[in-house]
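Could you walk me through this structure, from its strands out to its surface charges?

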Amino acid sequence: MTRSVYVTGIDRGDGRQVVELGVMELLTRQVDRVGVFRPLVHDGPDRLFELLRARYRLTQDPATVYGMDYHEASTLQAERGTDELVSTLVDRFHRVARDYDVVLVLGTDYADTQFPDELALNARLANEFGASVIPVVGGRRQTAESVRAEARNAYRAYDTHGCDVLAMVVNRVAREDRGEIAERLASRLPVPCYVVPDDPALAAPTVSQIAQALGAEVILGDDSGLSRDALHFVFGGAMLPNLLAALLPGSLVITPGDRADLVVGALAAHSAGTPPIAGVLLTLDEVPDDAILTLAGRLAPGTPVLSVPGNSFPTAEQLFSMEGKLNAATPRKAETALGLFERYADTAELSKRVSAPSSDRVTPMMFEHTLLQQARSDRRRVVLPEGTEERVLHAAEVLMRRGVCDLTLLGPVDPIRKKAADLGIDLGDAQLIDPSVSELREAFAARYAALRAHRGVTEELAHDVVADVNYFGTLMVQEGLADGMVSGSVHSTAATIRPAFEIIKTTADASIVSSVFFMCLADKVLVYGDCAVNPDPDAEQLADIAVQSAATAARFGVEPRIAMLSYSTGTSGSGADVDKVRRATELVRSRRPDLRIEGPIQYDAAVEPSVAATKLPESEVAGRASVLIFPDLNTGNNTYKAVQRSAGAIAVGPVLQGLRKPVNDLSRGALVQDIVNTVAITAIQAQSPSETAKASHP
């Protein structure tokens, strides 16, 4: 069983950080405690570890991450030999390994080191650590044949040194060569070989990185603007029409600071979205006057304008030698990197080969990883009616970079594009639709009028109704133009789900629509229902909620053990409220004898084994309940919020159940990650049950 994975290479410039990040993502899906060890480190901050620590909330002491610096290592090797160097590093590795389920080892980087055979050193360390190896080969600016030869040679080199090679990764190859390289290597190597194409956005520096490298003064711009990738450099010296013709999306415009016309023209082009630029860099230590800067700030709020003292030529020399770096300050690059790795590496296959020790614990991060993986396994289209909302746009960017699902954003198209441009967000292949002018409006009006004719709705009235983004989005789902809908970040729950009640309606086996929250505690995930929709369900409705919630739990990998909650346990209490819960429990048992259920039961007896041992010692649910059904909305809503705030749980939901097609509501205080999770859940709900089962149990 693999306890550690050693990601290494054969030379510098292989973009290995993409693979290291991808493997870390894969490991944290499987186990709770993942350690990091870098045998040799350069002076200065370790950008990748800082990214891993921030993204995966690592509590590991940074002092334990590193074996020693390169200077110390080369001195030790020269004075006492390689065996002593390796022995010291092995001791320091095991100090980390004993505290973690699995360790990700970051191999040496082949940059400015003094080791005569660095590949052999990495191979020996991997063997001594008992680690399996993933070698990475860089293919940038190489021919397809050269890349194939290097990959075969790298495999042979590590195999000859006795390494357990898990898989090979060929990274940064030309997109047009990727298919041919992958096909040829698949037949030449005895282990999987994942071929990942080059992505300009990963190599492009952010505007912030450029400002730091050049020592530039930030005249205008906010943090979001400074995080944009500078994909192209356009030097402004000609007349404005010629500059505009040269602009590409993501361009950084470099112009002398006295060319106010080019500054204003470039920012106006950005404001119009034709095209959105990364920013403007002023040279010659010249800055336009305050009136121009005020106009610039209004034209493109947040777009960076930088100033440097040098002229354009030396500035260009520095710019063209710069390359983007993954670090904690570049979360967008991290999403791009993970999306790239997950698209081109078979992560399900790699997970099996890694065989990290399994864990019964399910942490919030592991649950979130599983959601994205399940959604990605059978991509669906989700419509987001709140297309101009900033949090929704940020979530859309994450979802697209990670390849989680296809998206449709609703709202006025030009304002959506402008808002995205101001935030530095690339909407990629997202579909943008303005319901008020869409060619679908007439057909939707006729469809809605037909559905609601019994309520006296005419086509004329329906024409106005379907211009509402939530009605339009719901009709897209009903008509098969989208697979699910998520709204509610700026709309009320009623405004979000009323169209679904009117148009989509309930499944044949559901009497009501209900909801659950996935409550992600420190070591497990519980399902709470119903905490958002039904104020005071009767016994039949409560039984329906229990059955629906059990099905939802199973679909998302939570084994359903149902606790029907009340203020008394077993036969100890009586009264109308307890009798309702007892009757609902009996109904579930009669309808679904396959489900494990207990009720009435108090919360502590449902989740705490020591209490269960006293109150219901023979129960197969008590003390182990995973699906908790509350008797009414007042109890459920207050309990989920109390647990969320007091226990630090992450509450994912509400997730609606009982509808024929998925529509989900967001809290108006939803964070970007909440929106990402809810969209992923909606996409999974839209998948066929067989596909969901495959993704949940790879």
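In which sense do β2 and strand β4 (residues 102-106) pair, and over how many bridges? The two strands run in the parallel sense, and four bridges hold the pairing. Before we go further, a word on the source: this is a predicted model, in which local features need pLDDT of at least 70 and side-chain atom pairs count only at pLDDT 80 or more, while totals for chains, interfaces and linings use all residues. Residues are numbered from 1 along each chain as its sequence is written, and side-chain values use heavy atoms, with hydrogens and water left out.

Let us stay with strand β2 (residues 34-41) for a moment. Helices and strands here are DSSP runs, numbered from the N terminus, with at least four residues of H or I for a helix and at least two of E for a strand. Two strands count as paired if DSSP finds at least two bridges between them. In the pairing of β2 with β4, F37 stands opposite V105 of β4. Strand β2 also pairs with strand β3 (residues 66-69), again in the parallel sense, over three bridges. There, V41 has D69 of β3 as its bridge partner. Eight of the eight residues of β2 are buried, leaving the strand mostly covered. Buried stands for under 20% relative accessible area, exposed for over 50%, and partly exposed for what lies in between, with a 1.4 Å probe and protein chains only. As background, side chains in a regular strand alternate between the two faces of the sheet.

Now move along to strand β6 (residues 168-173). Six of its six residues are buried, so β6 is largely enclosed by the rest of the structure. Strand β5 (residues 132-138) pairs with β6 in the parallel sense over three bridges, and V136 finds its bridge partner in V169 of β6.

The loop between β5 and α7 is worth a stop, and R141 lies in it. This residue is not a glycine, yet its phi is positive, near 60 degrees. R141 counts as exposed because its relative accessible area is 77%. A second case of this kind is R57, with a positive phi of about 50 degrees although it is not a glycine. R57 sits in the loop between α2 (47-55) and α3 (62-65) and is partly exposed, at 48% relative accessibility. For context, most residues other than glycine have a negative phi, and most peptide bonds are trans. One joins G599 and P600, with omega about -5 degrees, and P600 belongs to strand β20 (residues 596-601). Another runs from G653 to P654, with omega near 5 degrees, and P654 belongs to strand β22 (residues 650-657).

Next come the charges. A salt bridge is counted when a side-chain nitrogen of Lys or Arg is within 4 Å of a carboxyl oxygen of Asp or Glu, and the whole structure has 38 of them. One is formed by R140 and D198, whose closest N and O atoms are 3.0 Å apart. This pair links distant parts of the chain, 58 residues apart: R140 is in the loop between β5 and α7 (144-160), and D198 in the loop between β7 (193-197) and α9 (200-203). R140 is partly exposed at 25% relative accessible area, whereas D198 is buried at 19%.

Why are E145 and R148 separated by about one helical turn? Because they are three residues apart in helix α7. E145 is partly exposed, at 38%, while R148 is buried, at 3%. Elsewhere, a network of salt bridges links E25, R29, R55, E335, E342, R376 and R402.

We finish on the surface, where E217, D258, D285 and E286 gather in a patch of negative charge. Patches are made of residues with over 30% relative accessible area and no salt bridge, like charges being joined within 9 Å and nonpolar side chains (Val, Leu, Ile, Met, Phe, Trp, Tyr) within 5 Å. D258 lies in the loop between β10 (251-256) and α13 (260-272) and counts as exposed, at 53% relative accessibility.

Note on methods. Areas by Shrake-Rupley, 256 points an atom, 1.4 Å probe, with all protein chains shown as cover. Lys, Arg positive; Asp, Glu negative; His and termini not counted. Charge placed at Lys NZ, Arg CZ, Asp CG, Glu CD.
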